[in-house]
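I opened this notebook to record what I looked up about aromatic rings and charged side chains. The entries follow the order in which I looked.

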Amino acid sequence: MQIFFRLTVLILLLLLGALPIAAQPTTPRAEAEIVLGPSAFTISEYFTISFQLRGAPLERYSAFPEIEGFKKSGKSSTTTTRIVNGARSTELTITQRYAAFEEGEFEVKPFTMTINGLTVRSAGTKLKVGPQATAPPTPPGGAAPPAIGLLDQLFGKPKPQDFVEPKDQAFLALLPDKTRAYVGEGVHIGLYFYLTPQDQGVLDFYNFAGQLQNIIRLLRQRTVWEETFDEQEIVPETVQVGGKPFLRYRLYEAQLYPLNAQPLSFPVVPLRMVKYRVAKKPEPGLDNRMEGYKTYFTAPVNITVLPLPPHPLRDEVPVGDYRLREAISRTSFRTGQTFTYSFVVEGEGNLSALNMLPLAPRPGLEVYGPDVEQSTTRQGGRVGGRKSFRYRLVARRPGALPFDSLFSLVVFNPTTVRYDTLRSELHPLVQGPVREDLQFRPDPTDPFYQEALRDADNTPQKITVYQDVRRYANVLLLVLLVGAAVGWWRAKS
């Protein structure tokens with residue numbers, strides 16, 4: 001209870017110490033907005049997107065959006081300082097210029113930008129790019145107006161480029177490791193994007209993080225237990241497809257375990273990529289390519305799920321390719337002594353669905369547990385691992401212990417298409433007199449009991465401890481209310 005009083009006093013002191021800080025004036029709040037340029041302009045003019053920041057210096061901002069049919073063409077910044085009634089304010093404007101590749105109507109889709117942590121939204125707009133304005137006739141005397149053709153005089157008259165879309169051999173594929181599976185059997189699926197090394201220069205990923213959520217939604221199945229793989233960096237793997245070298249990008253993979261005999265049906269999955277069009281006649285000093293988009297689609301995939309063969313435990317048995325490993329803590333056994341036995345299952349399958357059935361009671365033997373440990377491994381599209389069931393046993397009577405009748409597990413092996421029984425092969429021989437009257441005494445070397453005894457609290461507690469805690473809590477709330485009232489009064493005065 002002394003600790004509780006000290007905590008109450010400490011909170012009160014912190015509250016009273018923080019009151020003068022609350023009365024200090026706050027700094028001006030930063031404001032930001034997005035400004036779009038004129039929506040109608042000629043092919044020789046720029047479209048602009050700007051953002052204005054007021055009330056704070058610029059620290060960071062996200063990238064300006066990409067506009068289909070336009071190319072970014074440099075940025076500019078302007079700082080404006082105003083003094084009104086002696087108060088100084090500064091406004092920073094960052095402008096991104098966009099050059100249109102051709103005439104026509106375009107759309108700037110709604111977008112957002114993050115400026116100094118502020119999220120600013122724009123509703124977008126419709127753009128109309130018209131033909132280049134014709135020059136007025138030359139006045140008498142042959143002198144051209146000073147503003148006509150100024151850019152052409154400085155940089156040279158731009159030459160129009162013709163762009164073509166090159167052919168590619170890229171494709172998107174959803175690949176399962178099997179087309180038929182039993183209920184409970186693991187099915188690995190992977191979404192891959194393939195392209196040839198020559199296609200790297202004309203293809204690039206477009207907002208894959210934003211597309212991934214829709215991809216997962218399309219691939220999600222309602223009648224499976226799903227084990228997802230850890231997200232990794234998307235890097236290319238060199239593979240052979242039809243005898244040709246391809247680069248394969250692993251976009252998504254998961255391990256599915258059907259819960260019933262309903263077929264697994266995967267719809268068409270789209271993936272939008274950036275694909276560049278290249279110039280027919282490349283010009284030195286120019287990019288010679290124009291950004292575009294292309295959407296790739298997978299073929300629909302269906303997987304047949306088969307029910308398990310008839311068996312009394314068909315609805316309970318785990319499915320997988322499993323092996324049994326056994327471990328025991330002693331080589332000699334005496335009545336009244338504690339020993340441990342581990343029933344370890346290893347292999348490939350849904351370890352989460354693997355459980356031991358309750359043990360039937362046996363006269364003269366006490367069984368405690370099990371303590372369960374599980375470790376899962378994922379490698380090369382295969383999911384497996386090991387699951388351990390650890391028991392503590394005390395024999396009260398001498399004689400052989402038939403573990404084969406105590407510890408066993410029926411499983412279905414989809415590879416051999418038959419039921420197997422993982423059964424213990426140990427028969428420990430217990431020696432010593434009958435000790436039915438002894439109580440169970442835990443092994444002091446057992447880490448389970450060492451940790452439990454070390455963390456146990458043997459301090460006597462008062463019967464009225466809960467009433468005391470409620471009383472002190474009410475006192476603390478009263479003190480906090482008084483402190484808040486005093487702080488409000490100080491701030492007002």
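**Entry 1: the model.** I noted at the outset that this is a predicted model.

**Entry 2: aromatic pairs.** I looked up the count of aromatic pairs, and it comes to 22. I then turned to one of them, formed by phenylalanine 171 and tyrosine 194, which is stacked, with 4.7 Å centre to centre and 10° between the planes. I asked myself which strands hold the two residues of this pair. Phenylalanine 171 lies in strand β11 (residues 171–176) and tyrosine 194 in strand β13 (residues 187–195). The two residues are 23 residues apart, and their pair links distant parts of the chain.

I also looked up how accessible each partner is. Phenylalanine 171 counts as partly exposed because its relative accessibility is 29%.

**Entry 3: a second pair.** Phenylalanine 205 and phenylalanine 208 form an edge-to-face pair, with 6.1 Å centre to centre and 65° between the planes. Are these residues buried, partly exposed or exposed? Phenylalanine 205 is partly exposed, because its relative accessibility is 27%. Phenylalanine 208, at 14% relative accessibility, is buried.

**Entry 4: a cluster of rings.** I recorded a cluster in which ring pairs link Phe41, Phe47, Phe70, Tyr98 and Phe106.

**Entry 5: charges over rings.** I found the charged end of arginine 97 over the ring of tyrosine 46, at 5.7 Å from the ring centre. Likewise, the charged end of arginine 248 sits over the ring of tyrosine 192, 4.4 Å from its centre.

**Entry 6: salt bridges.** I reminded myself that side chains of opposite charge can pair when their charged atoms come close. How many salt bridges does the structure hold? I noted 23 salt bridges.

I examined three of these in turn. Glutamate 59 pairs with arginine 60, their closest N and O atoms being 3.6 Å apart, and both residues are exposed. Glutamate 185 meets lysine 178 in a salt bridge of 3.9 Å, N to O. Glutamate 185 counts as buried because its relative accessibility is 12%. Glutamate 226 forms a salt bridge with arginine 220, with 3.2 Å between the closest N and O atoms. Glutamate 226 is partly exposed, at a relative accessible area of 23%, and arginine 220 is partly exposed as well, at 46%.

**Entry 7: a network.** Lastly, I recorded that salt bridges link Glu31, Glu33, Arg54 and Glu91 in a network.

Key
Residues numbered from 1 in each chain as written. Predicted model: local features only at pLDDT ≥ 70, side-chain atom pairs only at ≥ 80, totals over all residues. Heavy atoms only, no water. Phe/Tyr/Trp six-rings, centres within 6.5 Å; stacked < 30°, edge-to-face > 60°. Helix = DSSP H or I, 4+ residues; strand = E, 2+ residues; numbered from the N terminus. Buried < 20%, exposed > 50% of the residue type's maximum accessible area, 1.4 Å probe, protein only. Lys NZ or Arg CZ within 6 Å of the ring centre and 35° of its normal. Salt bridge = Lys/Arg side-chain N within 4 Å of Asp/Glu carboxyl O.
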